[in-house]
Amino acid sequence: MSQSLVLAKKPHIVIATPGRLIDHMENTKGFSLRALKYLVMDEADRILNMDFETEVDKILKVIPRDRRTYLFSATMTKKVQKLQRAALKDPVKCAVSTKYSTVDKLQQYYVFIPSKYKDCYLVSILNELAGNSFIIFCSTCNNAQRVALLLRNLGITAIPLHGQMSQNKRLGALNKFKSKSRSVLLATDVASRGLDIPHVDCVINYDIPTHSKDYIHRVGRTARAGRSGKSITFVTQYDVELFQRIESLIGKKLPAFPTQEEEVMMLVERVSEAQRFARLTREEMRRRKGPQSVVEPMAAAARYMGPQL
Ligand SMILES: Nc1ncnc2c1ncn2[C@@H]1O[C@H](COP(=O)(O)OP(=O)(O)OP(=O)(O)O)[C@@H](O)[C@H]1O
């Protein structure tokens, strides 16, 4: 409702997700895009992928053909080129580089580890780099939630951010991380693009990205605007091919992040205990609220707060 009121004032610039825009086109009286002059798509390759295709088509159908269109992204796809053919007149492509590249001030590493010891390696690296701010990427909401809980059980200030959280909870998590009251943000790819938090020192790919272009967006959350930063990608026995694809996309062979296996193995017992507690907390939450309730088991974890490693 409040958005409708703002739109009634005929703003010059509307910034929206495609779905929300269509919602207003269809349901908000007096709102129309018929006089639109400029269409800007940030993260254009994402907006143009399957998830948004129908929405984007609907928008393109109603806006004037005579307009300027700007498409931005760190990574482009053939889909964008398709759209250039379908919806753009005289397109011009501006590229900073002909290949996908990451910035020089980003030190990128990988660690080759057995899948079952991922949690131990993560805790070990977080201890070694203590004092830094981390974004850790997981492939699923469940994993982001589980690892956040696990880290909290070990006394590390971690907070999850994923698509199963309400917008309010997401903003709350982000603010806690931005204000440095949490040092570790456990995120899914909802956080891989656009987030501009200058103090992020290190990005960890706990789960390797399945689409290698996502790697570029993820590691771009650190070393922004001339700052330096680190990225560490976990590569398990199942991820070798995906990792090779990433290396070939960025045109670099990455060095291994040095780890001491014996020291990592000394964590096994404490990490297993924290895993067990995380599992129990999640089961308890599911029982209480039903299977969808992965959102807020953190309060229970906070009550436990195991010893600082
Ligand atoms: N010319 C500039 N000089 C100094 N700082 C800049 C300049 N341009 C942008 N910045 C800063 O760099 C940071 C990153 O900018 P921005 O978020 O626009 O990047 P982006 O290319 O959209 O990144 P991504 O798409 O990967 O999220 C911001 O904090 C912004 O204030």
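These are my notebook entries on a predicted model of one chain.

**Ground rules**

I number residues from 1 along each chain, as its sequence is written. Since the model is predicted, I take local features only at pLDDT of at least 70 and side-chain atom pairs only at pLDDT 80 or more, while totals for chains, interfaces and linings use all residues.

**Overall look**

I counted 13 helices and eight strands in the chain. These are DSSP runs numbered from the N terminus, with helices being H or I of at least four residues and strands E of at least two. Next I looked at burial: 31% of the 309 residues count as buried. My cut-offs use C-beta atoms placed from the backbone: buried is 20 or more others within 10 Å of the residue's own, exposed is 12 or fewer, and partly exposed is in between. Then contacts, where two residues count if their C-beta atoms, placed from the backbone, lie within 7 Å. Among contacts between residues at least 6 apart in sequence, 79% join residues at least 24 apart.

**Domains**

The domain assignment gives me domain 1 (2-87) and domain 2 (106-301); such bounds come from an automatic or database assignment. I get 32 Å between the C-alpha centres of domain 1 and domain 2. How many residues of each domain are in contact with the other? Four residues of domain 1 touch six of domain 2. On the domain 1 side I find one nonpolar, one polar and two charged residues. For classes, I count Ala, Val, Leu, Ile, Met, Phe, Trp, Tyr, Cys and Pro as nonpolar, Asp, Glu, Lys and Arg as charged, and the others, Gly among them, as polar.

I also checked UniProt, where an unreviewed entry lists residues 105-265 as "domain: Helicase C-terminal". UniProt positions are in the numbering used here, feature names are shortened, and annotations may be inferred rather than shown by experiment. The span 105-265 is 37% helix and 19% strand, and its end C-alpha atoms lie 32 Å apart.

**Cores**

For a nonpolar core I take buried Ala, Val, Leu, Ile, Met, Phe, Trp, Tyr and Cys residues joined through C-beta atoms within 7 Å. The largest one has 51 residues. Ile135, Ile136, Val147, Val184, Leu185, Leu186 and Ile204 have the most contacts inside this core. I picked Leu185 and left aside its neighbours within four places in sequence; its contacts are Ile135, Ile159, Leu161, Phe177 and Ala191. A second, separate core has seven residues, including Met41, Ala44, Ile47 and Leu48.

**Helix H9**

Is H9 buried or exposed? Seven of its eight residues are buried, so H9 is largely enclosed by the rest of the structure. I list the buried ones as Lys213, Asp214, Tyr215, Ile216, His217, Arg218 and Val219. They pack against strand S3 (106-112), strand S4 (134-137), strand S7 (202-205), S8 and helix H10 (240-250).

**Ligand shell**

Around the ligand I find Ala74, Arg193, Gly194, Asp196, Pro198, Gly220, Arg224 and Ala225. My test is a C-beta atom, placed from the backbone, within 6 Å of the molecule. By class, the shell has three nonpolar, two polar and three charged residues.

I went back to Ala225 from that shell. Ala225 sits in the loop between helix H9 (212-219) and strand S8 (229-235). Its phi is positive, about 50°, although it is not a glycine. With 8 C-beta neighbours inside 10 Å, Ala225 is exposed.

**Another positive phi**

Lys10 is not a glycine, but I read a positive phi of about 55° there. Lys10 lies in the loop between helix H1 (2-8) and helix H2 (18-27). It is exposed, with 10 other C-beta atoms within 10 Å.

**Distances I looked up**

Ile250 belongs to helix H10 and is partly exposed, with 18 C-beta neighbours inside 10 Å. Ile250 and Ser101 are 149 residues apart along the chain, yet I get 5.4 Å between their C-alpha atoms. Not counting residues up to four places away in sequence, Ile250 touches Tyr100, Ser101 and Thr102.

Arg286 is in helix H12 (residues 268-289) and is partly exposed, with 14 other C-beta atoms within 10 Å.

Asp66 is in the loop between helix H4 (53-62) and strand S2 (68-71). The C-alpha atoms of Asp66 and Ala173 are separated by 42 Å.
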